[in-house]
Amino acid sequence: MSSTESEPPRRTIHETKVGHDKIRTAYSIQPSSDGRTKLLLTATIDMSERTQREKLAWNTWGNVSFEQTRKILEGDLEDIGREAERRGADTPGRHAHPSS
């Protein structure tokens, strides 16, 4: 994984290659109208280099893979939320908890 773009402290983009897939994940922090801070996450995957066998496997098992990825991302967001709350005492403004 490598950081390919960064606009500290508001935005960062990470890119990685897993097999033939290229995954791009962007994190951005945006203030909201109620004074809280929103963390936005966008993930994209380029699967155009997959082999026929990989495409068949994805069509068969892709939903399982998607659920695993979703759980990993939820865990990442929980970790980020805890760290933001930990740092909140040193940062002006309110921070929204993921369940808010």
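This is a predicted model: local features need pLDDT of at least 70, side-chain atom pairs count only at pLDDT 80 or more; totals for chains, interfaces and linings use all residues.
A43 is partly exposed, with a relative accessible area of 43%. That value falls between the two limits, because buried means under 20% and exposed means over 50%.

Which residues does A43 contact, leaving aside its neighbours within four places in sequence? The answer is R24 and T25. Take R24. A43 and R24 are 19 residues apart in sequence. In space, their C-alpha atoms are 5.6 Å apart.

## The chain as a whole

Now step back. The protein chain has 1 helix and 4 strands. What pattern do they follow along the sequence? Reading along it gives β-β-β-β-α. The helix α1 runs over residues 52–87. Strand β1 spans 2–7, strand β2 spans residues 11–18, and strand β3 spans residues 21–31.

The protein chain has 100 residues, and buried ones make up 12% of them. The chain exposes about 7,800 Å². Carbon and sulfur atoms supply 54% of that area. Contacts can also be sorted by sequence distance. Among those between residues at least 6 apart in sequence, 28% join residues at least 24 apart.

## How confident is the model?

The mean pLDDT of the protein chain is 82. A share of 88% of its residues reach 70 or more. Where is confidence highest, and where is it lowest? Strand β2 has the highest mean, at 91. Helix α1 has the lowest, at 83.

D21 lies in strand β3. Is D21 buried or exposed? D21 counts as buried, because its relative accessibility is 10% and the limit for buried is under 20%. R50 counts as buried too, at 13% relative accessibility.

The two side chains meet. D21 forms a salt bridge with R50, and the closest N and O atoms are 2.5 Å apart. D21 lies in strand β3 and R50 in the loop between β4 and α1, so the pair ties together parts that are 29 residues apart in sequence. The side chains of D21 and R50 also make a polar contact, at 2.5 Å.

R50 is one of several residues that D21 touches. Not counting residues up to four places away in sequence, the list is T16, I45, D46, M47 and R50.

## R11 and its two bridges

A search of the whole structure finds 11 salt bridges. Two of them involve R11. One is with E5, where the closest N and O atoms are 3.1 Å apart. The other is with E7, where the closest N and O atoms are 3.3 Å apart. Both distances pass the test, because a salt bridge needs a side-chain nitrogen of Lys or Arg within 4 Å of a carboxyl oxygen of Asp or Glu.

R11 is partly exposed, with a relative accessible area of 27%. E5 is partly exposed at 32%. E7 is partly exposed at 45%. D21, by contrast, is buried at 10%.

Look at I80 in detail. I80 is found in helix α1. At 33% relative accessibility, I80 counts as partly exposed.

## A cis bond between prolines

One more local detail deserves a look. Which two residues does a cis peptide bond join? They are P8 and P9, and omega is about -10°. P9 sits in the loop between β1 and β2.

Note on methods: Residues are numbered from 1 along each chain as its sequence is written. Side-chain values use heavy atoms; hydrogens and water are left out. Buried means under 20% relative accessible area, exposed over 50%, partly exposed in between (1.4 Å probe, protein chains only). Contact means heavy atoms within 4.5 Å. Helices (H or I, at least four residues) and strands (E, at least two) are DSSP runs, numbered from the N terminus. A polar contact is a pair of N or O atoms within 3.5 Å; within protein, one must be able to donate a hydrogen and the other to accept it, and residues adjacent in sequence count only if both atoms are side-chain atoms. pLDDT is the predictor's confidence in each residue, from 0 to 100. Accessible areas come from the Shrake-Rupley method with a 1.4 Å probe; for residues, only the protein chains shown count as cover.
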